[in-house]
Amino acid sequence: ITLGGQISTMRYSYAGLFSGMALAVVLVYLFLVINFQSWLDPLIVLMAVPFALGGVMWMLFLTQTHLSIPALMGTLMCIGLTTAHSILVVTFANQRMEAGDDVWVAAEVAGYTRLRPVLMTAGAMILGMVPMAFGVGEGGEQNAPLARAVIGGLFFATFATLVFVPTMYRTFRRSAATSLISTRREPHATN
């Protein structure tokens with residue numbers, strides 16, 4: 001059986017968007033490596049992205065919305081906002097570490113201090129997308145998948161940014177600090 005018509009265009013568009021999402025995540029990681037001067041911090045930042053993707057899939061499933069080009073565009077928007085929120089949290093935690101706080105305090109203060117800005121931007125985006133998500137009006141059903149994807153992704157990603165990212169920051173930074181301390185002690189022990 002050979003399928004013709006718009007199916008080939010749809011498959012081409014899906015392949016382009018999925019590869020674009022993967023390339024976007026890789027490029028964002030590499031740019032963040034340059035920005036943070038670290039391989040670990042960008043990894044911590046991007047740990048919220050799977051939560052955003054899970055939220056998108058959850059919302060599309062609950063609303064019985066098919067995966068489409070607008071839904072994938074909403075997914076890209078959600079990934080961008082999630083990454084921006086995580087950058088705020090990790091940057092603030094790094095600033096607290098430079099100020100002399102230990103890893104636990106830096107992660108906790110970063111999550112608490114960035115709570116309001118993250119909730120405000122995520123809430124504004126979610127509330128702005130609610131009318132579009134209902135798909136009312138002429139042609140409203142075209143953009144409804146985009147809004148539903150953003151709403152679902154941001155619900156999960158906001159939790160991940162405020163709770164999971166600081167937890168991972170604490171876990172990875174503590175293990176990195178422990179390994180750094182042990183490597184510093186080894187040369188002195190042999191002398």
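Residues count as buried under 20% relative accessible area, as exposed over 50% and as partly exposed in between (1.4 Å probe, protein chains only). The model is predicted, so local features need pLDDT of at least 70 and side-chain atom pairs count only at pLDDT 80 or more, while totals for chains, interfaces and linings use all residues. Residues are numbered from 1 along each chain as its sequence is written, and side-chain values use heavy atoms, with hydrogens and water left out.

Two loop residues come first. Gln64 is exposed, with a relative accessible area of 62%. Gln64 lies in the loop between helix H3 (49-62) and H4. Helices here are DSSP runs (H or I, at least four residues), numbered from the N terminus. Phi of Gln64 is positive, about 55°, although Gln64 is not a glycine. Gln37 also has a positive phi, near 55°, and is likewise a residue other than glycine. Gln37 sits in the loop between H1 and H2. Gln37 is exposed, at a relative accessible area of 70%. Most residues other than glycine have a negative phi.

Helix packing was examined next. Two packed helices are described by the angle between their axes and the distance between the axes. The axes of helix H4 (residues 69-98) and helix H5 (residues 103-113) come within 8 Å and cross at roughly 140°. Axes are lines fitted to C-alpha atoms, for helices over the stretch in contact, and angles run from 0 to 180 degrees between N-to-C directions. H4 and H5 are therefore oblique to each other. Angles under 35 degrees count as roughly parallel, over 145 as roughly antiparallel, 65 to 115 as roughly perpendicular and the rest as oblique. On the H4 side, the contact (heavy atoms within 4.5 Å) is made by Val89, Phe92, Ala93, Arg96 and Met97. H5 contributes Val103, Ala106, Val109, Ala110 and Thr113.

The nonpolar cores complete the picture. A nonpolar core is a set of buried Ala, Val, Leu, Ile, Met, Phe, Trp, Tyr and Cys residues joined through side-chain atoms within 4.5 Å. The largest has 14 residues. Phe36, Ile44, Val45, Val90, Ala110, Val165 and Tyr169 have the most contacts inside this core. Helix H1 (6-36), helix H2 (40-45), H4, H5 and helix H7 (140-190) each give two or more residues to the core. H4 gives the most, with 4 residues. Val165 touches Ile44, Ala48, Ser86, Val89, Val90 and Ala160, not counting residues up to four places away in sequence. Apart from this core lies another, of 13 residues, among them Ile126, Ala133, Ala147 and Ala157.
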